[in-house]
Amino acid sequence: MFLTGKTAIVTGSTSGIGLAYARALAAAGASVVLNGFGDADAIEAIRVELAATSGAAALYDPADMREPDQIAALVERAMAETGGCDIVVSNAGIQHVAPVDQFPVDKWDAILAINLTSVFHMMRAAIPHMRAKGWGRIISTASAHSLVASPNKAAYVAAKHGLAGLTKTVALEVAQCGITVNCVSPGYVWTPLVENQIPDTMTARGLTRDQVIADVLLAAQPTKQFVTPEQVAAFGLFLCRDEAAAITGANLTMDGGWTAA
Ligand code: NAD
C-alpha cells in the first residue's frame, strides 16, 4: 500500500491496459480517478471495486480526451475531491488502419487529439499541482509504434513517436521538481483496440483473421505471445516507487522483443 494518500488519474481506464492500471494503483492504496467510455453500470461496478480495494476514494470522470477544457476540469475535480493529482497515467488511445491516401481526415485528427495532444493538456493541468507538492509521476502509454512503423497506421505511429518526444522534453523541464515523466511502450496486447483493428488489417493486407493474428500481430514479437495488460500496469506501478526516482525521460519497451528484432 505504498501509494496510500496519493491520487492517480488514469485516462482511458474503462477497459484494457488502463483498467489494469486502475486496479494495480488501487491495490497499492491510491485514490483512483477512472476515465473513459463504456456501459454506466459496468463503470460504476469498477469504481466500487476500486474503492473497496484501496480503502480510499474512487471517482469516475467522463472527460473526453479530445476536449482540453474537460481535461483541465478532470484534474481540478481530482484536486477538489481527493486533495491530489500525484500520478497521471495518460493511457486513452484509439487506432485506425488504412493506407495514407485513403486515411479519413477526421480519424487522423481524433488519433492525434486523443493519443498525443491530450497528454500535453494533462501535463499542463497537472504539473503545477505536482510542482507545488514536490512529487509527481507522469506515465504515458506509448507503444512499440513509438519506435518502429507498421504500414497503414500513419496517424497512430506519428502520434506515438510524438508522445515519446513529448515525454523526453517535459522530463527535462521538471527534472528538479521531484516529478518523473516516462512512457511505457507495449507490443501487442489483446484488448478491444487490437481486436477492432483486425477487420481493417484484413482488408488492407488481403489476409484472413487467423493470418492477421499469427503473421502480423504475433509475428512482430519474438516471444510469439501477447503482452498482458497486467504486465504493463505492474511495470508502470514500479515507476511510482521512490526507488524509481532516477528513471525519467525514458521510453520503456515491453514488447516481447519486437523493437530489439
Ligand atoms: P482499449 O480500447 O481497451 O482502451 C482504450 C481506452 O481509451 C478505453 O477506456 C476508452 O473508453 C478510452 N477512450 C477512447 N477514446 C477516448 C476519449 N476520447 N476520451 C477518453 N477516453 C477515451 O485499448 P488498450 O489497448 O487498452 O489501449 C490503451 C492504450 O494502450 C492506448 O493508448 C493504446 O494506444 C496503447 N497501446 C495498446 C496496445 C495494444 O496492443 N492493445 C499496444 C501498445 C500501446
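Which handedness, left-handed or right-handed, does the crossing of H4 and H5 have? The crossing of H4 and H5 is right-handed. The legends below describe close-up views of a predicted model.

**View 1. Packing of helix H4 against helix H5 in the predicted model.** The axes of H4 and H5 (residues 154-173) come within 9 Å and cross at roughly 10°. Because this angle is under 35 degrees, H4 is roughly parallel to H5. On the H4 side, the contact includes Lys 107, Trp 108, Ile 111, Leu 112 and Phe 120. These meet a set of H5 residues, among them Ala 155, Tyr 156, Ala 159, Leu 163 and Val 170. The contact of H4 with H5 comprises 13 nonpolar, two polar and two charged residues.

**View 2. Packing of helix H3 against helix H4.** H3 (residues 68-82) and H4 have axes that come within 9 Å and cross at roughly 30°; the two helices are therefore roughly parallel to each other. The crossing of H3 with H4 is right-handed. From H3, Pro 68, Ile 71, Ala 72, Val 75 and Met 79 meet Ser 118, His 121, Met 122, Ala 125, Ala 126 and His 129 of H4. Eight nonpolar and three polar residues form this contact, with no charged residue.

**View 3. Surroundings of the ligand.** The ligand is surrounded by 30 residues, of which Gly 12, Gly 16, Gly 36, Gly 93 and Leu 193 are the closest. Helices H1 (16-27), H4 (105-133) and H6 (192-205) each give two or more residues to this shell. By class, the shell around the ligand holds twelve nonpolar, 16 polar and two charged residues.

Methods:
Residues numbered from 1 in each chain as written. Predicted model: local features only at pLDDT ≥ 70, side-chain atom pairs only at ≥ 80, totals over all residues. Near = placed C-beta within 6 Å. Helix = DSSP H or I, 4+ residues; strand = E, 2+ residues; numbered from the N terminus. Nonpolar A, V, L, I, M, F, W, Y, C, P; charged D, E, K, R; others polar. Axes fitted to C-alpha atoms, helices over the stretch in contact; angles between N-to-C directions. Parallel < 35°, antiparallel > 145°, perpendicular 65-115°, else oblique. Left-handed = near helix turned anticlockwise from the far one by under 90°. Contact = placed C-beta atoms within 7 Å.
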